Amino acid sequence: MSEAAAKLHGRGKVRDIYDVGQERLLLVATDRISAFDVVLPNPIPDKGRVLTGLTLFWLDHTEDLIGNHLISADLGEFPEPFRSEPVLAGRSMLAIKAEVIAVECVARCYLTGSGLRQYRAEGHVCGVPLPPGLDEASKLPEPIFTPTTKAAEGHDLPLTFEDTVGLVGRGLAEKLREITLVLYERGAAVAAERGIVVADTKFEFGFAGGELILIDEVLTPDSSRFWPAEGYESGRVQASFDKQFVRDWLDAVGWDHEPPPPELPGDVIDGTAARSREAYERITGEPWDRYRRAMGVIAGSDGETSDDVLDRLRAEHAGGSERRCWSA
């Protein structure tokens, strides 16, 4: 594909998506971080690579359950001009173009966050009734499917199962519930072996070639709540390896969850970066630096240069209409 033909296809809260032709997309995980559905002003160093590295791990560990979007994460197999951009190493995937299903498929087995708030107010989560007397971080009797809308702007909203049926049809809604819970159970079991509790997580799906496939990130600190198993205790807020650390700071400073968000201090940025790297190492069993070396990451593609290069790529290839989606 020529440089002129590559187009910025969409820009999500975290990812830049390029249409590179032949029914393929290039997914670039930036170091942006969002909280409460708002993108924060400060990037988290290496965050995009952590998301990509963990997604690659989980795609490999779930491909027997459902097909996925991955073609290659090897920089040398990307089309130009992206192949010549070292900053993309370790943070990008060449993927099958899919028609996205406009539902965020959430599975949870512990009560916290928006689920806990809804339970306290209404006695259920997304229409799933729960026993009385549950508290912060209570383990549920079994994992539950708690989907949400997939908002292009603003906050995602909870859906009941019947709401989901109304959006996508009963057959597909039942399939989404089934595969979401199966994927969650696989991820939770693998993570438990590594000393991590997966409290909840979000999956996204689409259709490619008439087949339902898993797309986007999988079981990452952005899409999941990861708690250290050794410190777990219901009835209190848990330590975490995910962006809950950022959410807690934002709440502590009194932010109302509406734009504009406050600047993150250095200790919150560094603490979030360290937690995400530890999550990668615990789950994969591999040192973080080994992943960077294996993906061909070089020192010159780090730090402030990453933002500059990604900004330039967006500007150079912004000829198409930008959308927060995957489909053509």
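## Cavities

The structure, which is a predicted model, holds two cavities of 30 Å³ or more. The largest cavity has a volume of about 80 Å³, and its lining is made up of Ile33, Ile44, Lys47, Leu51, Pro221, Asp222, Phe241, Asp242, Lys243, Thr272 and Ser276. Two helices, α1 (47-62) and α6 (266-284), each supply at least two residues of this lining. Sorted by class, the lining of the largest cavity consists of five nonpolar, two polar and four charged residues.

For the second largest cavity the volume is about 30 Å³, and the residues that line this cavity are Arg15, Leu27, Ala29, Leu51, Thr52, Arg91, Ser92 and Met93. At least two residues of the lining come from each of β3 (24-29), α1 and β7 (92-96). Here the classes are four nonpolar, two polar and two charged residues.

## The largest pocket

The largest pocket contains about 1400 Å³ of space. It is lined by 50 residues, of which Phe36, Asp37, Asp156, Lys243 and Arg247 are the closest to its centre. Two or more lining residues come from each of β2 (15-21), β4 (34-35), β9 (103-110), α2 (113-122), β14 (196-208), β16 (224-228) and α5 (244-252). Among these elements, α2 gives the most, with five residues.

By class, the lining of the largest pocket divides into 13 nonpolar, 16 polar and 21 charged residues.

## Overall form of the chain

The chain has eight helices and 16 strands. Its radius of gyration is 19 Å, which agrees with the value near 20 Å that a compact globule of 328 residues would have. Along the principal axes, the C-alpha trace spans about 60 × 45 × 40 Å.

Of the 328 residues in the chain, 56% are buried. When contacts between residues at least 6 apart in sequence are considered, 66% of them join residues at least 24 apart. The accessible surface of the chain comes to about 13700 Å², and carbon and sulfur atoms account for 51% of that surface.

Helix α2, which gives the most residues to the lining of the largest pocket, has Gly113, Gly115, Leu116, Gln118 and Tyr119 as its buried residues. The elements that cover these buried residues include β9, β10 (124-125) and β16. Just after α2, glycine 123 takes a positive phi of about 80 degrees.

Arginine 314 counts as buried because its relative accessible area is 9%, whereas aspartate 308, with a relative accessible area of 53%, is exposed. Leaving aside residues up to four places away in sequence, arginine 314 touches Leu8, Arg11, Asp16, Tyr18, Thr30 and Arg32. Aspartate 308 lies 221 residues from valine 87 in sequence, yet the two are 9.8 Å apart in space, taken from C-alpha to C-alpha.

## Backbone details in the loops

One runs from glutamate 80 to proline 81, with omega near 10 degrees, and proline 81 has its place in the loop between β6 (70-72) and β7. Another cis peptide bond joins proline 259 and proline 260, with omega of about 0 degrees, and proline 260 is placed in the loop between α5 and α6.

Positive phi values are also found in residues other than glycine. Glutamine 22, in the loop between β2 and β3, has a phi near 55 degrees, and this residue is exposed, with a relative accessible area of 69%. Histidine 257 has a positive phi of about 70 degrees and lies in the loop between α5 and α6, which is also where proline 260 is placed. With a relative accessibility of 22%, histidine 257 counts as partly exposed.

Conventions
Residues are numbered from 1 along each chain as its sequence is written. This is a predicted model: local features need pLDDT of at least 70, side-chain atom pairs count only at pLDDT 80 or more; totals for chains, interfaces and linings use all residues. Side-chain values use heavy atoms; hydrogens and water are left out. On a 1 Å grid over the protein atoms alone, a cavity is a set of points where a 1.4 Å probe fits but cannot get out, and a pocket is an open set with protein on both sides within 12 Å along at least five of seven lines; lining residues have an atom within 4 Å of a point. Grid points are joined across faces, edges and corners, and a volume is the space filled by probe spheres set on the points. Helices (H or I, at least four residues) and strands (E, at least two) are DSSP runs, numbered from the N terminus. Ala, Val, Leu, Ile, Met, Phe, Trp, Tyr, Cys and Pro count as nonpolar, Asp, Glu, Lys and Arg as charged, and the others, Gly among them, as polar. The radius of gyration is taken over C-alpha atoms; the globule rule is 2.2 Å times the number of residues to the power 0.38. Buried means under 20% relative accessible area, exposed over 50%, partly exposed in between (1.4 Å probe, protein chains only). Contact means heavy atoms within 4.5 Å. Accessible areas come from the Shrake-Rupley method with a 1.4 Å probe; for residues, only the protein chains shown count as cover.
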